[in-house]
Amino acid sequence: MIELIEVYKTFNRKGISNEALKGIHLKVEKGDIFGVIGYSGAGKSTLIRLVNYLERPTKGQVFIEGKALDTYDVKELRAVKRKIGMVFQHFNLLESKKVFDNVAMPLILANKDKKEIQARVTELLEFVGLSDKAGSYPNELSGGQKQRVGIARALASNPSILLCDEATSALDPQTTQSILQLLKKINKEYNITIMIITHEMSVIQEICNKVAVMENGEIIEQGSVLDVFGHPKHPTTKNFVRTVIQTELPDRVKQSVEQEADYRLFKLEFVGETASEPILYNLIRQSDIKFNLLFASTAEIQETTLGNMVIQLTGDNEKINQAVSFLKANGVEVEEVQEI
């Protein structure tokens, strides 16, 4: 659906070169809600602007539905770009135009007839829950309502791809949730592939099925959201994951652990059904070792429960090894750690 192959982007201003993207490889499948996350300056917004050719790569190619964008002539490229909707952080609405006219703008520019425009805009305003705001002006709307108008406008041309550039970062948490639910509805009911740029891991957790993590113009980690959340490898990814899944022990707990002797520490991960099974209860019943639960957290990722624990086992090494084998045999991922 969307593919970037060996993409570089360099900006030259006043004799100074800035390499914004470096060797990007990225593939978004049809039907994905694909998140791209990174801190400010990571290159996220530049990347998304390459997808609809608001920016062109310095090197490499961008493919939409299997064809490179640099192979189209001007007219063909314009037709392709009409199938790519864009939702902006600050809404980009025309303040002098009513809600109806803002949503209708892409259709007006495409010279659609009035009946088609009326029917399409009416349908979209109902879809985003703003039928009663058709005659209002943007300054009469809340932030969430403005973003719904922006989303309706992006959908006006029946796009197959929807790009969202920090679409929720200007909104409060409750409004953010409603907009994310709307995007999920768009993906499901209209079968539109969505690509979301964000710096909020909670957005990725809420609706994305795949994610790429960016830093300094490079993708440092990517994969399914469940894999990346469950097994973050890069320190930056780990920092993002910690914002939504607590993995650190309180200092007081750490100090109490250090005062014990002859113990071993383990990190446990429970995924899906293993998170609801009484595995630890069964382990405690049958094991002749001292068990101490130091930390536990759970999160819902892609409708799958992800549980994390840190446990302290004290006793005979052979019996501890048997306990670890029992956990692994029951689908628990176990990692022994020397310190926390």
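Where is the place of Arg120? Arg120 sits in helix H4, which covers residues 114–127. Before I go on: this is a predicted model.

Let me stay with Arg120. Its relative accessibility is 10%, so Arg120 counts as buried. The side chain of Arg120 reaches the backbone oxygen of Leu155 at 2.7 Å. Setting aside neighbours within four places in sequence, Arg120 is in contact with Leu107, Leu155, Ala156, Asn158 and Tyr190.

Arg120 also has a charged partner. The side chains of Arg120 and Glu123 form a salt bridge, with N to O at 3.1 Å. Both residues belong to helix H4 and are three residues apart, about one turn of the helix. Glu123, at 36% relative accessibility, counts as partly exposed, while Arg120 counts as buried. Arg49 is partly exposed, with a relative accessible area of 31%.

How many salt bridges does a search of the whole structure find? Six. One more of interest is Asp32 with Lys210, where the closest N and O atoms are 3.2 Å apart. Asp32 is in the loop between strand E2 (16–28) and strand E3 (33–38), and Lys210 is in strand E9 (residues 210–215), so this pair ties together parts that are 178 residues apart in sequence. Asp32 counts as buried at 5% relative accessibility, and Lys210 counts as partly exposed at 25%.

Now the nonpolar cores. The largest one has 52 residues, and those with the most contacts inside it are Leu162, Leu183, Ile186, Ile194 and Ile196. A second, separate core has 30 residues, including Ile2, Leu50, Tyr53 and Met195. Going back to Leu183: leaving out residues up to four places away in sequence, Leu183 touches Ile151, Leu162, Cys164, Ile194, Ile196 and Ile207.

That list brings in Cys164, and with it the cysteines. Seen from Cys208, the closest cysteine sulfur is the one in Cys164. Cys164 counts as buried at 1% relative accessibility, and Cys208 is buried with a relative accessible area of 0%.

Technical notes. Residues are numbered from 1 along each chain as its sequence is written. This is a predicted model: local features need pLDDT of at least 70, side-chain atom pairs count only at pLDDT 80 or more; totals for chains, interfaces and linings use all residues. Side-chain values use heavy atoms; hydrogens and water are left out. Buried means under 20% relative accessible area, exposed over 50%, partly exposed in between (1.4 Å probe, protein chains only). A disulfide is a pair of cysteine sulfur atoms within 2.5 Å. Helices (H or I, at least four residues) and strands (E, at least two) are DSSP runs, numbered from the N terminus. A polar contact is a pair of N or O atoms within 3.5 Å; within protein, one must be able to donate a hydrogen and the other to accept it, and residues adjacent in sequence count only if both atoms are side-chain atoms. Contact means heavy atoms within 4.5 Å. A nonpolar core is a set of buried Ala, Val, Leu, Ile, Met, Phe, Trp, Tyr and Cys residues joined through side-chain atoms within 4.5 Å. A salt bridge is a side-chain nitrogen of Lys or Arg within 4 Å of a carboxyl oxygen of Asp or Glu.
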